[in-house]
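Subject: Structure handover

Hello,

Here is the structure for you to take over. My notes follow below it.

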Amino acid sequence: MVSSRAYGLSHRYSDRDGKSSLPAGSAGRRHMAARRALRRPARPPADHALHELITLSRALLNAPDEDAILRLARDHLVTGGSYSAEAGYLKVGGDLVPSPWNGQTYALAVGRRVRELAGQDGDVTVPGRPWGRALGLRGPGALHGYLVVTSRSRPTRAERSLLSLLVQHIAAALSVAIAHRRQREDALELHRLREERTALQQQLISVVAELSYEQAVHSLVVGAAASGGGEEAVTRALHGLTGLPALIEDRFGRLRSWTGPDRPVPYPEPDPVRQNEMLHTVAKEAGPVRIRDRLITLIRPHGEILGMLALVDAQDEADEHTVLALRHAAASLAQELTHLRNLAEVEVRLHRELADDLLAGTDEPGAYARSEAVGHDLHGSHYVVVVQWSNRTADDSFAQTVSRAAVAVGMRSLLTRGSDHVVLITGDRPHARALHEALARDTGTRSGTIGVSAPCDSLEDIPHHYEEAQRALEVRLHSRDRYGTTFFDELGLYRILGPGNDYRELETFVQEWLGQLIDYDSQHQAAMVETLSRYFDCGGNYDETADSLAIHRSTLRYRLQRIRDISGHDLANVEDRLNLQVATRVWKIVLGGPG
């Protein structure tokens with residue numbers, strides 16, 4: 001830039017025709033010499049311009065990045081003379097990105113023109129500037145960007161040469177900066193790849209170790225299950241792997257196996273409500289679940305819960321290896337319990353076929369031989385037990401529930417299903433409450449009824465005793481307290497109302513004592529017979545009878561008086577009262593009530 005100003009001064013004292021304006025002669029020669037002397041100091045030394053270019057080149061090469069290089073070029077042009085840097089562009093990802101210092105006034109027009117040049121140098125029009133040009137900043141085989149330069153006057157050839165040299169230095173600096181940046185990026189990428197490779201190697205080592213451990217656990221647990229030791233062998237293996245007490249419970253919470261210290265004695269009786277809540281909580285999760293001091297997983301092949309496997313971990317010591325061992329043990333147990341269940345289902349089918357034949361009537365020699373084959377002793381007295389639950393249909397699931405409950409209370413029995421009930425043929429007289437209580441725990445409700453026959457000493461009498469058990473069930477269902485266990489041999493008067501009696505005689509008896517009341521109820525949509533039946537059920541207690549019918553005491557008194565008037569029978573008379581009570585029982589239990 002300094003040389004451009006010197007070039008301009010050399011023409012300042014010449015006329016337009018190129019001739020001297022001073023007089024000729026010696027005086028003229030002296031004046032010319034003086035003028036030449038004046039011109040010499042105005043031309044800067046050549047080494048000064050070179051020094052400036054070298055200094056700028058060093059600064060460009062030391063710039064930290066491409067933006068800094070363009071900024072240095074702009075500042076040099078501003079301070080160096082008539083040139084100005086209007087805009088700078090860097091090529092990033094195939095697009096020309098403007099420098100932050102670009103002016104906003106003509107940014108869109110200039111940017112559009114630069115992109116139109118498509119990598120070539122070209123003129124740029126900027127208002128107020130006679131001369132403008134977009135200069136490509138090119139490196140080896142690539143365009144790094146553009147520098148848009150304007151001037152207040154058209155530059156001379158020397159100025160253009162100097163500007164071209166400056167652009168080459170800027171482009172060279174950009175090439176170096178881009179190479180350095182790519183080198184740094186490559187170094188960072190190489191470092192990242194090495195770290196990723198190291199992490200993958202560590203992960204592979206961990207996976208191999210885990211697979212080895214998993215294979216060892218699998219072999220140990222499967223070997224324990226296959227050894228014939230059953231559930232206890234699995235809990236022993238699990239305790240040996242984890243060091244924690246291992247236990248198995250059935251789905252109802254009863255202990256099946258425990259290996260390890262601190263076993264509770266006696267083992268606590270399960271709470272059906274809490275047990276169901278716990279099973280629901282664990283079933284929602286995919287793996288073992290911690291509940292208080294136990295790590296629990298379910299044994300459920302094909303979605304059906306057969307039991308629960310747990311580790312007692314009071315100190316919260318379980319890690320991923322403990323969880324892995326627990327899962328393998330649960331999977332092994334699922335196969336074992338499924339096999340045992342399949343065997344049990346075959347046994348149940350054989351038991352059911354034998355029970356069906358006994359209830360229908362079969363030959364004794366064949367029945368004894370079949371009972372020995374299924375492991376049930378038919379010799380001695382037997383009882384027929386009929387079970388019906390209000391919230392359960394008599395399907396295979398409920399039959400299995402009854403079977404488990406019977407085993408739990410020590411009943412040795414054959415089991416089958418009727419249309420709406422489950423039937424047990426058992427060799428021992430059932431406890432008055434044990435089976436009902438066990439089923440109440442398993443089903444979660446006490447709304448069930450059980451009828452038990454009188455003892456049967458001959459196989460050919462089992463069908464008759466089946467009817468007795470059904471009669472006991474029916475009497476209980478029509479009583480005030482319909483849920484619980486009723487024995488046929490404790491029915492008293494109701495025993496003579498059982499199957500086998502002449503229904504015509506019973507109907508005649510009921511018609512004789514209740515006929516007028518039955519007709520009145522039918523004609524007036526009333527409930528006189530039911531009111532009388534409830535009155536007898538409540539022992540003649542007015543308040544209790546009124547409450548059971550959900551009517552007022554005065555309404556009950558009115559109904560009883562209407563019953564006297566309609567039937568013509570006196571409730572205060574002992575004979576009338578007895579016959580009326582028996583008639584209501586026959587009407588309700590034997591004849592089916594209003595139906």
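Which residues does T401 touch, not counting residues up to four places away in sequence? They are R392, L439, D442 and T443. T401 itself sits in helix α11, which spans residues 396-408. Its relative accessibility is 5%, so T401 counts as buried.

Please keep in mind that this is a predicted model.

**Overall picture**

The protein has 595 residues, and 41% of them are buried. It contains 18 helices and 15 strands. Take the contacts with a separation of 6 or more: 58% of them come from residues 24 or more positions apart. The accessible surface is about 32800 Å². Carbon and sulfur atoms hold 51% of that surface.

**Strand β1**

Y83 belongs to strand β1, residues 83-92. With a relative accessibility of 1%, Y83 is buried. Along the chain, Y83 and P155 are 72 residues apart. Their C-alpha atoms are separated by 8.6 Å.

**Aromatic pairs**

I found four aromatic pairs in the structure. One of them joins W258 and Y267 in an edge-to-face arrangement. The centres are 6.3 Å apart, and the planes make an angle of 70 degrees. An angle over 60 degrees counts as edge-to-face, so the 70 degrees of this pair qualifies. Both partners are covered: W258 has a relative accessible area of 12% and is buried, and Y267 is buried at 17% relative accessibility.

Another pair is Y535 with F536, and this one is tilted. Here the centre-to-centre distance is 5.8 Å, with 55 degrees between the planes. Y535 and F536 are both buried. Y542 joins Y535 and F536 in a cluster linked by ring pairs.

**Helices α16 and α17**

Y542 also takes part in a helix contact, as a residue of α16. Helix α16 covers residues 542-549, and helix α17 covers residues 553-567. Their axes lie 9 Å apart, at an angle of about 100 degrees. Angles of 65 to 115 degrees count as roughly perpendicular, so that is how α16 stands to α17.

Which residues meet there? From α16 come Y542, D543, T545, A546 and L549. From α17 come R553, L556, R557, R559 and L560. By class, the residues of this contact are five nonpolar, one polar and four charged.

**Backbone points to check by eye**

Start with the loop between β7 (255-259) and α8 (272-283), where P266 is found. The peptide bond joining V265 and P266 is cis, with omega at about -5 degrees. D262 is in the loop between β7 and α8 too. Its phi is near 65 degrees, a positive value in a residue other than glycine. D262 has a relative accessible area of 68%, so it is exposed.

Then go to the loop between β8 (289-291) and β9 (294-299), where R292 is placed. R292 is not a glycine, yet its phi is positive, at about 55 degrees. Is R292 buried or exposed? With 66% relative accessibility, R292 counts as exposed.

Over to you.

Best wishes

Technical notes
Residues numbered from 1 in each chain as written. Predicted model: local features only at pLDDT ≥ 70, side-chain atom pairs only at ≥ 80, totals over all residues. Heavy atoms only, no water. Helix = DSSP H or I, 4+ residues; strand = E, 2+ residues; numbered from the N terminus. Buried < 20%, exposed > 50% of the residue type's maximum accessible area, 1.4 Å probe, protein only. Contact = heavy atoms within 4.5 Å. Areas by Shrake-Rupley, 256 points an atom, 1.4 Å probe, with all protein chains shown as cover. Phe/Tyr/Trp six-rings, centres within 6.5 Å; stacked < 30°, edge-to-face > 60°. Axes fitted to C-alpha atoms, helices over the stretch in contact; angles between N-to-C directions. Parallel < 35°, antiparallel > 145°, perpendicular 65-115°, else oblique. Nonpolar A, V, L, I, M, F, W, Y, C, P; charged D, E, K, R; others polar.
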